[in-house]
Amino acid sequence: MEAEDESRSLEYTSTWIVAGVCTVIVLVSFAAERGLHRLGKLLLQRSQEALYEALQKLKEELMLLGFISLLLTVVQGPITKICIPEDAASHMLPCKMRTTTHHVSETYHPQTIGKRLLLGAETAQHCPQGKVPLLSLEALHHLHIFIFVLAVVHVIFCVTTMVLGGAKIRQWKRWETAIRDKYTSRRNEPIPELATRQESVHWRKSAIVSWMMSFFKQFYASVTKSDYITLREGFIAAHCASNPTFDFHDYMMRTLEVDFKKVVGISWYLWLFVVFFLLLNVEGWHTYFWLAFLPLILLLLVGAKLEHIITRLAQEVDDEKAKGNEARVKPSDEHFWFHRPSIVLYLIHFILFQNSFEIAFFFWIWSTFGFDSCIMEKLVYIIPRLLMGVLVQVLCSYSTLPLYVLVTQMGSMFKEGMFNQQLHLSLVGWAKGAKGGGS
């Protein structure tokens with residue numbers, strides 16, 4: 001009787017149950033859609049066009065997620081009918097087999113011992129002896145849940161990082177206000193903060209000392225008032241010298257909003273990364289333990305690089321002052337990896353996704369298979385993974401992201417947020433019109 005209840009199909013399910021479940025699903029979906037729609041209208045009313053575009057990107061990701069879900073549902077029948085040799089299914093398992101049995105369902109589902117595998121047994125009946133289904137219905141269901149959890153956790157982590165990082169950057173507003181209030185006609189006088197920065201870099205000219213100082217500085221006072229004023233003056237001199245009261249802080253916040261819409265999504269190469277590490281989740285390799293070090297290492301490398309760029313810019317100012325030239329920061333792409341400041345954003349995007357993947361995988365295993373699952377591994381591996389995940393999230397929010405927003409303005413070209421959205425669209429339209437008229 002219990003088996004019959006578990007295998008009861010829709011045609012033998014009470015209509016009030018079907019109608020009730022459908023009602024709840026429709027109401028929740030409709031409420032989510034209306035909520036996103038109202039949020040979009042609110043962003044447009046507040047002239048937050050960049051954040052509105054990020055919201056549209058989020059909707060695209062949700063639509064892709066829905067398509068993946070639909071595709072998994074549609075193809076689950078054909079997939080479970082594909083049979084492969086039993087030996088092929090016993091290699092590269094995430095858990096060791098505990099027992100040897102003739103029941104196929106228990107052979108290729110060692111991680112679900114102790115649970116009822118009625119669906120797996122039914123799907124295995126069509127396979128000849130010595131072969132097993134490529135993937136069971138239960139495994140497809142677990143994969144379905146994992147993709148959903150990964151997408152949700154990634155969006156939450158990106159939003160959290162941008163909100164916390166934006167709050168840190170907004171603290172610099174008082175520096176911007178003080179600079180613009182104190183600005184006078186004596187534009188050629190040296191700035192005290194800049195002079196202090198110049199005097200402090202003489203002993204940092206050694207490459208080893210410079211990199212070591214840059215590495216440790218990202219953990220405390222990653223951006224000081226001296227750094228902000230120095231880089232602000234260099235940016236204004238390079239890109240808008242005729243407007244010395246240019247609101248540099250407001251410009252940075254616009255560029256942050258533009259960059260946010262680029263990191264909130266999951267690009268195709270990130271999905272390839274997921275597939276690659278799912279492949280390497282083999283028992284005994286401790287793949288996800290070693291994988292947890294990757295975002296932390298990359299984050300520390302990016303933070304050290306950004307701090308080192310500030311030091312190099314200050315050293316160049318010091319060298320120019322020694323030659324009797326004008327002591328001012330000169331933005332240049334040469335300071336960045338491969339002369340491309342945009343690479344830093346790609347790395348931050350990858351770091352956020354990788355950290356999301358680690359945390360999502362942990363909670364997915366915990367909720368699906370339990371804390372004692374062999375995939376979860378021992379406690380000595382779990383605690384460092386969680387601690388590194390929290391460290392990466394905090395360090396990226398309060399140190400690396402603010403550093404990125406400030407230092408990447410020191411490229412040869414200004415970024416997309418230089419103009420507000422209306423002026424930007426007008427310039428783009430004008431350029432297209434001029435190009436069309438010329439042709």
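The legends below describe close-up views of a predicted model.

Local features are given where pLDDT is at least 70 and side-chain atom pairs where pLDDT is 80 or more, while totals for chains, interfaces and linings use all residues. Residues are numbered from 1 along each chain as its sequence is written, and side-chain values use heavy atoms, with hydrogens and water left out.

**View 1. The packing of helix H16 against helix H17.** Helix H16 (residues 342-369) and helix H17 (residues 379-407) pack at an angle of about 155 degrees, and their axes are 10 Å apart. Helices (H or I, at least four residues) are DSSP runs numbered from the N terminus, as strands (E, at least two) are. Axes are lines fitted to C-alpha atoms, for helices over the stretch in contact, and angles run from 0 to 180 degrees between N-to-C directions. The angle makes H16 roughly antiparallel to H17; angles over 145 degrees count as roughly antiparallel, those under 35 as roughly parallel, 65 to 115 as roughly perpendicular and the rest as oblique. H16 and H17 cross in a left-handed sense, that is, the near helix is turned anticlockwise from the far one by less than a right angle. On the H16 side, the contact (heavy atoms within 4.5 Å) includes Val344, Leu345, Ile348 and Phe362. Among the residues contributed by H17 are Ile382, Arg385, Cys396 and Tyr404. By class, the contact of H16 with H17 holds 14 nonpolar, four polar and two charged residues. Ala, Val, Leu, Ile, Met, Phe, Trp, Tyr, Cys and Pro count as nonpolar, Asp, Glu, Lys and Arg as charged, and the others, Gly among them, as polar.

View 2. In helix H8 (residues 173-182), Trp175, Glu176 and Ile179 are buried, which means under 20% relative accessible area, with exposed over 50% and partly exposed in between (1.4 Å probe, protein chains only). Seen down the axis of H8, these buried residues fall within an arc of 100 degrees, so they line one face of the helix; the arc is that of the directions from the helix axis to the C-beta atoms. The exposed residues Arg174 and Asp181 lie on the face of H8 turned away from its buried side. The buried residues of H8 pack against helix H11 (225-239) and helix H12 (248-263).

**View 3. The crossing of H11 and H12.** H11 and H12 pack at an angle of about 85 degrees, with 11 Å between their axes. That angle makes H11 roughly perpendicular to H12. Tyr228, Arg232 and Phe235 of H11 meet Phe248, His249, Tyr251 and Met252 of H12. The contact of H11 with H12 consists of five nonpolar, one polar and one charged residues.

**View 4. The packing of helix H7 against H12.** Helix H7 (residues 137-170) and H12 pack at an angle of about 175 degrees, their axes being 11 Å apart. H7 and H12 are therefore roughly antiparallel to each other. The contact includes His154, Met162 and Arg170 of H7 and His249, Leu256 and Val263 of H12. Nine nonpolar, three polar and one charged residues make up the contact of H7 with H12.

**View 5. Phe338 and His339 in a loop.** Phe338 is found in the loop between helix H15 (293-322) and H16, and His339 is found in the loop between H15 and H16. Phi of Phe338 is near 55 degrees, a positive value in a residue other than glycine. Phi of His339 is also positive, near 60 degrees. Phe338 counts as exposed, at 72% relative accessibility.
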